[in-house]
Amino acid sequence: MMVWIIFLLGILSFLALDLGVFNKNAHVISVKEASMWTTIWVTLSLLFSFVVHWLYSSGNIDNPDALQPTEASMKYLTGYLIELSLSIDNIFVIAVIFGSFKIPQKYQHRVLFWGILGAIVFRALMIFFGVALIKKFSFTTYVFGAFLIFTAIRMVVSKEKPFNPKKSFIYRNLRKVMPITSHMQGQKFFIKIKHITAATPLFIALVVIEFTDILFALDSVPAILAITSDPFLVFSSNIFAILGLRSMYFFLANMLNRFQHLKYSLVAILSFVGVKLILAHHYTFPEWLSLGFIGLSLLIGILASFLDKNSNNKH
């Protein structure tokens, strides 16, 4: 429990520094600042694999699956890569939500900050129940695996409909239970209008982002459970991916259209982990194969996107 407490305190300390020191005053996050923070979070996430190796070699963490230290590190890195790759669609949706509710750029960081705190809580609950299901009912791996393959097929065959947050189930029902205003007063989530407390667009955007993250977690949590059911590895890789997502949003939001072939990388990754879950009781994939396949899928998707962009420019 001590390792869990130190890990959570460390994450909360980083978040407190982020909001209380580095982003105390609302400002537009520049590409330079976003790239710096993206580099910091990715570096910290990768370095944490050495911490994982030390924890599992020293026996300072509960090891329910009797993992070797190197094996635990590779599972953490594989899970982190999966979460990061599946977050790409999430970034696009966040950009659409901010645009729909006309959230000024300088206030977007505050919304994402509180959104990430909520995401940590919801992910922790989903991971807890997901791990419990897999441990208690072995057939759950078949259900999760089939769901991931179904999701991959749906990504290929379904036509992408433009997402309109103002027509979403969440927004329509929020309007029924609380007063909503289109006016904003700085970074406030609620303001007083004629003795009525009304929710500002910042709060509405936050709630919609939270619920879309839960929907994305329905794919990502089963995907990482295909790699490991060790609670600490699943949770830590998830959290580092979520923490890096915010700075990555400001870095990638305006460049997402350049990565049009990454969709097929995600299809390949979801299909692979789906098959891995279904075969979990019959065949164990080597860790290097999982990590290599996911890394190679992402690399091919990125390279294909850049090559296609260059060929389009020539024409």
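Predicted model: local features only at pLDDT ≥ 70, side-chain atom pairs only at ≥ 80, totals over all residues.

Trainee: What makes the contact of Arg123 and Glu83 a salt bridge?

Mentor: The rule asks for a side-chain nitrogen of Lys or Arg within 4 Å of a carboxyl oxygen of Asp or Glu. For the side chains of Arg123 and Glu83 the N to O distance is 3.4 Å, so the pair meets the rule.

Trainee: How do you know that Asp213 forms a salt bridge with Arg123?

Mentor: Here the closest N and O atoms are 3.0 Å apart. The cut-off is 4 Å, so this pair qualifies too. By this rule the count comes to two salt bridges.

Trainee: Why are these pairs said to tie together parts of the chain that are apart in sequence?

Mentor: Arg123 lies in helix H4 and Glu83 in helix H3, so their pair links parts 40 residues apart in sequence. Asp213 belongs to helix H7, so its pair with Arg123 links parts that are 90 residues apart.

Trainee: What makes Glu83, Arg123 and Asp213 one network?

Mentor: The salt bridges share partners, and this joins the three residues. Arg123 pairs with Glu83 and also with Asp213.

Trainee: Why is Arg123 called buried?

Mentor: Buried means under 20% relative accessible area. Arg123 has 5%, so the word applies. Glu83, at 2%, counts as buried, and so does Asp213, at 7%.

Trainee: Which helices cross, and at what angle?

Mentor: The axes of helix H4 (residues 105-136) and helix H7 (residues 201-225) cross at roughly 35 degrees and come within 8 Å. The crossing is right-handed. By class, the contact of H4 with H7 has 19 nonpolar, four polar and three charged residues.

Trainee: How do the lining residues of the second largest pocket divide by class?

Mentor: There are 10 nonpolar, six polar and six charged residues in that lining.

How values were computed
Residues numbered from 1 in each chain as written. Heavy atoms only, no water. Axes fitted to C-alpha atoms, helices over the stretch in contact; angles between N-to-C directions. Helix = DSSP H or I, 4+ residues; strand = E, 2+ residues; numbered from the N terminus. Left-handed = near helix turned anticlockwise from the far one by under 90°. Nonpolar A, V, L, I, M, F, W, Y, C, P; charged D, E, K, R; others polar. Buried < 20%, exposed > 50% of the residue type's maximum accessible area, 1.4 Å probe, protein only.
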